[in-house]
Amino acid sequence: MRPIRIAFLVSLLGLTLLWLLAAAPQFAAAQTLAAWRGQLLQASGLLALGAMGLALVLTLRLPVLERLLDGLDKMIRLHRWLGGAALGFSLLHWALVQAPHWAVQSGWLTRWSRGPRALTTTAWQEWLQGQRSLAEAVGEWGLYALLALGGLALLRRFPYRWFLKTHRLLSLLYLLLLGHGLVLLNWASWMPPIGLVLGLLLAGLLAAGALAALLSLAGRIRAGRRALGEVEALERLDGVGVSAVRVRLHSSWPGHQAGQFAFVCFDASEGPHPFTIASDWQGDGRLLFLIKGLGDYTRALPERLRAGDAVTVEGPYGRFDFEGGRARQVWVGAGIGIAPFVARLQALAHRPGAGAQVDLIHCTAQVDERALQHLRADAEAAGVRLHVLIDARDGLLTLERLRELVPDWAEAEFWFCGPAAFGTSLQRELLALGLPAARFHQELFRLR
């Protein structure tokens with residue numbers, strides 16, 4: 001099982017266990033439908049806030065989490081899963097709030113009394129009681145906003161720059177919903193000693209989410225990993241709709257490994273985009289990005305960019321590092337997924353003989369002779385066997401074709417970058433033939 005799947009299950013089970021340990025006595029003592037509903041309201045609200053807080057912590061892009069989860073691309077996928085879980089628990093919470101009203105209107109239940117409010121013994125508790133109506137309104141409208149923002153995040157046609165801006169609003173929404181939870185969570189039921197310990201753990205998690213939200217709203221996430229530079233040169237590879245953008249950095253850059261990527265900002269109004277670094281690091285501040293025209297912004301880049309334009313680069317990120325432990329490797333780069341392999345070819349060119357046991361299969365539907373000349377030259381310099389499959393000429397890469405090109409495939413380790421569905425299908429077929437799952441590495445390069 002992948003680390004992100006384990007992390008996802010552990011996160012949800014951990015939050016559930018947190019609530020069960022603290023609220024089990026009250027839940028077990030519940031004798032009425034209203035009492036059980038009250039406990040489930042607490043649980044669903046806690047799970048929604050906890051999942052959303054964890055999703056926000058992942059946006060901090062902490063190196064320790066990147067190591068544990070095997071790369072920022074995996075962290076982004078886990079972020080999406082936790083965001084979906086938070087939305088699901090929020091919907092459950094809302095349904096539990098509305099259920100009595102629906103049941104009464106349908107005639108299934110008679111209206112019940114909420115019963116007496118808990119006695120307030122301190123000025124703080126009295127103040128919280130006075131904020132209940134406001135907190136309930138914030139929770140209801142917050143859910144509607146969460147649905148709207150979550151829906152926009154799923155629309156692939158929604159412009160990326162607006163996706164970044166609206167997605168950042170989720171940080172503000174979390175802070176509002178956190179206030180909703182702090183007012184309405186029944187802290188008194190978390191009796192010491194275990195309730196105190198669990199309450200501190202929960203408070204730490206929610207505080208971490210709040211800190212991440214504040215840093216996001218201030219635009220300060222990973223500000224220390226940003227380097228300033230300028231566009232040095234731009235080459236248009238029109239046959240494949242790619243711009244080869246060479247950047248020269250003027251401020252400190254920690255260096256990178258082949259296969260890593262960075263967030264690149266050419267225009268502050270557009271915001272940073274993630275692009276794979278397609279060059280080896282030589283310590284001279286120069287980076288190459290191969291940018292495919294997939295959206296309005298990236299298609300317009302060749303016309304908008306000029307040598308000398310300012311650029312900000314944040315990174316590097318990712319663990320698609322070719323360090324799996326086997327010298328025999330097969331690389332499959334589909335379309336613009338060839339970019340990390342270009343960087344690796346350049347790195348191997350400085351280590352004579354290092355690429356002697358590597359086959360690179362490049363699958364492409366489009367052809368640009370200059371791009372292929374560059375690729376062939378890099379592969380020759382690295383000592384890597386290159387196989388170029390052009391869809392119209394050679395057909396799609398099938399498992400049978402792969403086995404023909406690489407007869408000793410069963411001894412190899414696979415590194416794939418390209419369309420996710422293609423990679424998943426190839427992995428499934430190889431694993432069905434006995435390839436260990438640990439020997440197939442796939443870059444999950446997608447933000448939304």
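In the predicted model, the side chains of Asp-408 and Arg-328 form a salt bridge with an N to O distance of 2.8 Å, a salt bridge being a side-chain nitrogen of Lys or Arg within 4 Å of a carboxyl oxygen of Asp or Glu. The two residues belong to distant parts of the chain, 80 residues apart: Asp-408 is in the loop between α13 (399-405) and β10, and Arg-328 is in the loop between β6 and β7. Helices (H or I, at least four residues) and strands (E, at least two) are DSSP runs, numbered from the N terminus. Asp-408 counts as partly exposed, at 32% relative accessibility, whereas Arg-328 is buried, with a relative accessible area of 11%; buried denotes under 20% relative accessible area, exposed over 50%, and partly exposed the range in between (1.4 Å probe, protein chains only). Salt bridges with shared partners join Arg-328, Asp-359, Arg-385 and Asp-408 into one network.

Arg-328 also meets the side chain of Asp-359 in a salt bridge (2.8 Å, N to O). Because Asp-359 lies in strand β8 and Arg-328 in the loop between β6 (310-317) and β7, this pair ties together parts that are 31 residues apart in sequence. Both Asp-359 and Arg-328 are buried. A search of the whole structure finds 15 salt bridges. Among them is the pair Arg-236 and Glu-303 (2.9 Å, N to O), which links strand β1 (residues 226-237) to helix α9 (residues 296-304) across 67 residues. Arg-236 is partly exposed at 36% relative accessibility, as is Glu-303, at 49%.

Five strands form an open, parallel sheet in the order β9-β8-β7-β10-β11, where pairing requires at least two bridges found by DSSP between two strands. β9 (385-390) and β11 (440-442) are the edge strands; each has a single partner, so one side of each is left without a neighbour in the sheet. The twist averages 15° from one strand to the next, with axes fitted as lines to C-alpha atoms (for helices over the stretch in contact) and angles running from 0 to 180 degrees between N-to-C directions. Strands β7 (residues 329-334) and β10 (residues 413-417) pair in the parallel sense over five bridges, and Val-332 has Phe-416 as its bridge partner in β10. Helix α10 (residues 339-349) packs on the sheet and touches β7, β8 and β10, its direction making about 140° with that of β7. Helix α14 (residues 420-432) lies across β7, β8, β10 and β11, at about 175° to β11.

Thr-364 is found in strand β8 (residues 358-364) and is buried, with a relative accessible area of 7%. Apart from neighbours within four places in sequence, Thr-364 is in contact (heavy atoms within 4.5 Å) with Leu-389, Ile-390 and Asp-391.

The protein chain has 14 helices and eleven strands. Buried residues make up 46% of its 448 residues, and the C-alpha trace spans about 80 × 50 × 45 Å along its principal axes.

Residues are numbered from 1 along each chain as its sequence is written, and side-chain values use heavy atoms, with hydrogens and water left out. In this predicted model, local features need pLDDT of at least 70 and side-chain atom pairs count only at pLDDT 80 or more, while totals for chains, interfaces and linings use all residues.
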